[in-house]
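Subject: A structure for you to look at

Hello,

Here is the structure I promised to pass on to you. Please open it and keep it beside this email while you read.

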Amino acid sequence: MKNLLNIRREWLLLTIIVVIILAVGVRAPVFLTWRNGLDIANDSAILAILVMGQMLVLLTRGIDLSAASNLALTGMVCALLGKAFPGVSIVVLIAVALAVGALLGSLNGWLITGFGLPPIVVTLGTLSAYRGAIFVASKGAWISDQDIHDAIKGLPREVWLGLPALVWFAFVVVALTAVFLKLRREGREIYALGGNPHAATYVGISVPSRLRLVYTLSGMLAGLAGLLWVGRYSIAYTELAAGYELTVVAACVIGGVSIGGGVGTVLGAVLGVIFIGVVNGALPVIQVSPFWQQAIAGAVILISVTVNARSERRAGRQILERQGVVA
Amino acid sequence: MKAWNTWERVLLALLVLVLVVFGISQPGFMSADALADSTFNFSEKGLLALAIALLIVCGEIDLSIAAILALSSLAMGYAMRAGFGPLGITAAALLTGMLAGAVNGVLVTRYKLPSIVVTIGTLSLYRGMALVALGDQSISGYPEVFSTAGNAYLGEVLGVRWLMIPIEFVFLCAFAIAVGLVLHRTVMGRRIYAIGANPVAARFSGIQADRYRLMLFVFSGLMAAVAALLLTGRIGSTRPNIAMGWELDAITMVILGGVAIEGGRGSMVGVMLAVLILGLFTFGLGMANVSGIVMSMIVGILLIVAMILPAIFRSKRKLAR
């Protein structure tokens, strides 16, 4: 057990995922086919996009509970736009989705930094506010399959170089996030200010502007996810993706992103997404009722944070011992 | 910690404003019948808000409280199917609630995990367990006494015609007074503030912080169970999605009530005023045919405004100095 905890948690999670895939594959070989893999990747792509945004926010010790409402509102705006202007091109729609999402996200950031409010309270408020705005915008009506613009519906069904477009979108977002966090100065500063906001201020990092950046980015990605969601399921309505923000946070936590800020990697978060995707994909294959999904996700969150806490505590003790020797 | 402060005065003024505005614009709003009816909308949520307020003052949070409510309601159903009477059903609900709360508390205190992560996990777990157990089914046919507790007025039970207070509301008031007295008038209450304001200092001054945290999580489970008894009785059935999303409503009540999300500040008077304001406000909007989702939008905006105003005042005062 001790050795098990010593290895990096990303590898541990990856091993668990592989074991699940193989175990399910033995019982139902259909699970190991390329097609099924693509299905799971397709289902996980939107979650991956949302998780990248949420991870940025969590790294700064914040949380964005409004992500799912933002997704639904932006999705509705795009659907309405597509319905009103049948001639609109997909490039314009993507631009609109990014812009609307970024605007909603920046409102969060502005409220948080402008008035020094706790992120959880602000995004709890905008969670309800954005959700209600969908109802106001759509007058409570559903926009169903025949009214969704063909370009929106077509986008997730596109196949480029043998992979579905959704997966490409997720790849690009994940790659950009990784580059941003690893190589860009702003990305490194996000880790620094999440680890210790006071120290970050003293070394000259503009904490408020970085916070505004992450909430804007999180909103922007939620907006993109909204457009893709509406296209994939070809429907837009008020309750779209309600409660999905908790799944997004869950994927981050399973992937080892700490709610306490400053800790978490893109690889870990992506594995968290894949884990949820694999479990959700495996349940129907082994004929377990999909009602189990939520309970399993909950149990996994609890187990992974408990394991995390153990490894963190061990690291802490080591530092204490070394100090003892010096003194 | 004073229970009566500037924010409570603002809330009282808001409450009067709500009563006046709806009293004028909605004929029938100010009648005793309507006001008594309105309390059905918020009594159970108010019970959850009391427990969450204590936890937030102590620097913790419980997002799983509505899921515990669902689990307790499920326990009622199973106890009934197993042939227990009203007393056994009640005991099953209360024990389940306290056990579920204790699980949260142990995870937070034993493993030093942040309560927001733990309760997001148990929120999924508990709600998931209810889903697994019931699927798309529901349990109904509870004994008469639960329906009475959920729907009847105090006067009907006591045989006093004019006493038009719903029993649910009596429960809420009784618990609110008890919790308020504990928080504002006892050493225990002071210690809860101390832990929330500065956990390390509280620990060093000899307060067994973890014991208090555990106790408050169990209390939160207990309140969820009481709310489950009333709500299940009122609607007459258990469904896996019972009280879905109520944790956010209860937290909104608590924060509007002036409890600081970072802990250590807030009063029960404020929380109860916020419960009344939000309850009457949504009831009034309901009379004006505003749909539920728009109500929650208005409540969300209200929550942010309620946070911004004190922040603006604070910064103004700082400038003046």
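Glu186(A) has a salt-bridge partner, Arg184(A), and the closest N and O atoms of the two are 3.6 Å apart. Arg184(A) is partly exposed as well, at a relative accessible area of 46%.

Before going further, please keep in mind that this is a predicted model. The predictor gives the complex an ipTM of 0.82 and a pTM of 0.86. Chain A has a mean pLDDT of 85, with 92% of its residues at 70 or more. For chain B the average pLDDT is 90, and 98% of the residues score at least 70. One stretch calls for care: over residues 314-327 of chain A, pLDDT stays under 50. The model has two contacts beyond four places in sequence for that stretch. Where pLDDT is low, the predicted coordinates should not be read in detail.

Now to the place where the chains meet. In the model, 37 residues of chain A are in contact with 40 residues of chain B. Three residues, Phe291(A), Gln294(A) and Leu302(A), supply 19% of the area that chain A buries against chain B, more than any other three residues.

What about charged and polar pairs across the interface? On the side of chain A that touches chain B, the elements giving two or more residues are α5 (90-115), α6, α12 (244-254) and α14 (292-326) of chain A. Among these, α6(A) gives the most, with 14 residues. Sorted by class, this side of chain A has 26 nonpolar, eight polar and three charged residues.

While you have helix α6 of chain A in view (residues 119-138), find Ser138(A), which lies in it. Ser138(A) is buried, with a relative accessible area of 8%. Leaving aside neighbours within four places in sequence, Ser138(A) is in contact with Met76(A) and Thr238(A).

Finally, turn to the salt bridges of chain B. The structure holds twelve salt bridges over all chains, and one network of them links Glu60(B), Lys112(B), Asp210(B) and Arg213(B). Within this group, the side chains of Glu60(B) and Arg213(B) meet at 3.0 Å, N to O. That pair links distant parts of the chain, 153 residues apart: Glu60(B) is in the loop between α2 (32-57) and α3 (65-81) of chain B, and Arg213(B) is in helix α11 (residues 209-235). Glu60(B) counts as buried at 12% relative accessibility, and Arg213(B) is buried with a relative accessible area of 12%.

Arg213(B) also forms a salt bridge with Asp210(B), at 2.7 Å from N to O. Asp210(B) and Arg213(B) are three residues apart in helix α11 of chain B, so about one helical turn separates them. Asp210(B) is partly exposed, with a relative accessible area of 28%.

Enjoy exploring, and write back with any questions!

Best wishes

Terms used:
Residues numbered from 1 in each chain as written. Chains lettered and ligands numbered in written order. Predicted model: local features only at pLDDT ≥ 70, side-chain atom pairs only at ≥ 80, totals over all residues. Heavy atoms only, no water. Helix = DSSP H or I, 4+ residues; strand = E, 2+ residues; numbered from the N terminus. Buried < 20%, exposed > 50% of the residue type's maximum accessible area, 1.4 Å probe, protein only. Contact = heavy atoms within 4.5 Å. Buried area = accessible area lost by both parts, 1.4 Å probe. Nonpolar A, V, L, I, M, F, W, Y, C, P; charged D, E, K, R; others polar. pLDDT = per-residue confidence, 0-100. Salt bridge = Lys/Arg side-chain N within 4 Å of Asp/Glu carboxyl O.
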